[in-house]
Amino acid sequence: MSYDIQTLLDNPDIMGRVNLPSGEFEGRFTVRKSCTINGGGSLLWAASGPVLIIEAENVIINDLKIELTHNNIPEEQHISVYCRYPDTKFNEVEVNGAVIGIPNEEQYWGIPKTLSLGKLAAERQESFSIEIYAPAEAELRCEMHDVSLSRNFLAAGFNTVSLGVGKIRSGSLLYGAILIRSAAGITRKIFVTGSVGSVEEPSPENYLLYSADREAPDKYMKMISGLNISRIAAMPSPVPETEEISIKLEEINEQPQKPESDDVTEIFYGKRVPLAPVQYRIEFNYTVARARPDIDGYMFMLDGSGKVAGNDRMIFFGNDHSSCGSVRYLNAPDKRAMFVDLSRVPDGVDHMVMLFSIYGNDPSLLFDVIEDGEISILSVNGVRMCLRLEKHMCCRTLLAFGFERTDGVWELIPSGKAVGMPLSEICKSYGVTVL
């Protein structure tokens, strides 16, 4: 079901409310009337900013994510929200770009988007340092197990924060976020990644993970003092960068294809399918949902013992490609897909398992909220295989299928079955602990 978000914003109800549907919606959007926008956790996004322009007084925004998806854009386009009036109120609003027009928000925020801890030694504590700049006081919180911060607030100005990592067992993946919440009700995230090797792993070479530019606050104030929002809004979005995935795997999208009705092959649970093409695009599709679940894909590349042999061999949104280049996960706001090139799978990996899981902490959100669910597997020669899901699947994780190599020949083993255990326990069964 499609929604016209701009039309909703232009037509508040008689109580002055705009209730956005669940989902991810490409902007840019403009608020021209006083209203209360209830986002319900939805995402508004654009390649470049501003994503949301507030041209009215007395606007309240609740529970909304506003995101810029392109990294290499001019700083003047790195704007999530532009407010013409300073009385706009925010409650639980998450951004990854500037908020212009709100006191203490539009100044420079010297925080990184990501922090990579690299490979750590197992069962050994480590400590890192981060230098952050905040234009005003803000709360600081870490959402990761066995990772701690030396303080829970930021003062206005430059702040040095220690990040401590506890003793973690070998084979674990570190993926989570540090949250910075300002007094205005706006949250910014720093994503933290890392992996844990053996006990003999050498100490990290760089303990200073990030240092804010000392001259940036003054430069930033000069930049925003000359902003012309009309000119910026009229600037074209940048051309997306060409990723390595486009060299081979995106060829799947470019092949001439027959009409879908002629080349969709339905596959069935447990029936092995020999594979001739080596490149595939895998997606989870459905037609209708009572609620919009956030569904992510996970690929486990297993060795002969049925375990993940290395940290790069569990591919998901926090680790979007294997080092060998055989598996890559595209996690864009408008598309999520797993790309597989069987010709690049290294020796020693003869079995791969694909799962889909609902992300989030709401235990009531299950796969039974969707209708006409299917797993689409599109090969490079244009043939699409389809595994239709059973109805009323009361689970949060499902085993989609497996790839298995026997005597050099790959086969697809469809499953499409619900998995009762939590995703964290599934990861453990494959030798991966996600913290």
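Strands of a sheet pair through backbone hydrogen bonds, in either a parallel or an antiparallel sense. In the predicted structure, six strands form an open sheet with mixed pairing, and their order across the sheet is E20-E31-E30-E22-E27-E26. The edges of this sheet are formed by strand E20 (264-266) and strand E26 (327-332), each of which pairs on one side only. From one strand to the next, the twist averages 20°. Within this order, strand E22 (residues 279-285) and strand E27 (residues 335-341) run antiparallel and are joined by four bridges, and Tyr280 stands opposite Val340 in E27.

Strand E8 pairs in the parallel sense with strand E6 (residues 52-54) over three bridges, and here Leu52 has Val81 in E8 as its bridge partner. Strand E8 also pairs in the parallel sense with strand E10 (residues 98-100), again over three bridges, where the bridge partner of Tyr82 is Ile100 in E10.

Rolling a probe the size of a water molecule over the atoms shows where empty space is left. The second largest pocket holds about 270 Å³ of space and is lined by 14 residues, of which Ile370, Glu371, Asp372, Gly373 and Lys391 lie nearest its centre.

Conventions:
Residues are numbered from 1 along each chain as its sequence is written. This is a predicted model: local features need pLDDT of at least 70, side-chain atom pairs count only at pLDDT 80 or more; totals for chains, interfaces and linings use all residues. Side-chain values use heavy atoms; hydrogens and water are left out. Two strands pair if DSSP finds at least two bridges between them. Helices (H or I, at least four residues) and strands (E, at least two) are DSSP runs, numbered from the N terminus. Axes are lines fitted to C-alpha atoms, for helices over the stretch in contact, and angles run from 0 to 180 degrees between N-to-C directions. On a 1 Å grid over the protein atoms alone, a cavity is a set of points where a 1.4 Å probe fits but cannot get out, and a pocket is an open set with protein on both sides within 12 Å along at least five of seven lines; lining residues have an atom within 4 Å of a point. Grid points are joined across faces, edges and corners, and a volume is the space filled by probe spheres set on the points.
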